[in-house]
Amino acid sequence: MDGIKLILMSCCAPCSCGAIQQLVNGEICGIDDFIVMFFNPNIFPETEYQKRLDEQIKFCEKMGVKYVVGDYDHNKWKTEIAGLENEPERGARCSKCFAYRFCYACNYAKKHGFNAIASVFGVSKHKNQAQVDAAGQQSCTEIKYLPVDWDEKLRQSINHESDFYRQNYCGCEFSMRK
């Protein structure tokens, strides 16, 4: 498993901090290089998106980690998940959303010489890791998807010591409907 150039997909700094620390420390075998990708057109409203993006950039820069920010096109994302707006959290809308974001990362990977993708989308209490991994494995057909069991204690420790902006929902405007 040597020679891996990884894209780590992140939804926010509180979810990604432990994974980034593990990658910086070389704790994930075979990873030669990595970049954090923030591609989250699902986050709404845009002010919420910007808060999460700012925190992600701040943490990446603190850690000396490369990052890339994908396009924020919330309307295009809404077109992708059309018809699934009333699905429950962790339902079909989430699977479609993950697939859309993984496909974006795969296209970026092919254009920029990355050969693997992992994510922290399943770290959140709002999400299901098995659902995230299934979407990643189905979407990443030309780029390897790596399901990683991130160190939850490390993530919690970093969060406890940080002053991260924290949100109380996954970001999707439809998950806020109750």
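Buried here means under 20% relative accessible area, exposed means over 50%, and partly exposed is what lies in between, using a 1.4 Å probe on protein chains only. Strands are DSSP runs of E with at least two residues, helices are runs of H or I with at least four residues, and both are numbered from the N terminus. With that in hand, take strand β2, residues 31–38: 6 of its 8 residues are buried, which leaves the strand mostly covered.

A word on where this comes from: the model is predicted, local features need pLDDT of at least 70, side-chain atom pairs count only at pLDDT 80 or more, and totals for chains, interfaces and linings use all residues. Residues are numbered from 1 along each chain as its sequence is written, and side-chain values use heavy atoms, with hydrogens and water left out.

**The sheet**

Strands of a sheet pair through backbone hydrogen bonds, either parallel or antiparallel. Two strands count as paired if DSSP finds at least two bridges between them. In this model, 5 strands line up as β3-β2-β1-β4-β5 in an open sheet with parallel pairing. The edges belong to β3 and β5 (144–145); each has a single partner strand, so one side of each has no neighbour in the sheet.

| Pair | Bridges | Sense |
|---|---|---|
| β1 (residues 4–9) and β2 | 6 bridges | parallel |
| β2 and β3 (residues 67–69) | 3 bridges | parallel |
| β1 and β4 (residues 116–119) | 4 bridges | parallel |

L8 faces V36 in β2, and V36 in turn stands opposite Y67 in β3. Strand β1 has 5 of its 6 residues buried, so the rest of the structure largely encloses it.

**Helices**

β1, helix α1 (residues 13–24) and β2 make a right-handed β-α-β unit; right-handed means that, with the strands pointing away from the viewer, the path from the first strand over the helix to the second runs clockwise.

Further along, the axes of α4 (residues 92–112) and α5 (residues 129–139) come within 9 Å and cross at roughly 45°. Axes are lines fitted to C-alpha atoms, for helices over the stretch in contact, with angles from 0 to 180 degrees between N-to-C directions. Angles under 35 degrees count as roughly parallel, over 145 as roughly antiparallel, 65 to 115 as roughly perpendicular and the rest as oblique, and α4 and α5 are therefore oblique to each other.

**Cysteines**

A disulfide is a pair of cysteine sulfur atoms within 2.5 Å, and the count comes to 0 disulfides. C11 is in none: its nearest cysteine sulfur, in C15, is 3.9 Å away. For C15, the closest cysteine sulfur is that of C12, at 3.6 Å, too far for a bond. C11 counts as buried at 9% relative accessibility, and C15 counts as buried at 8%.
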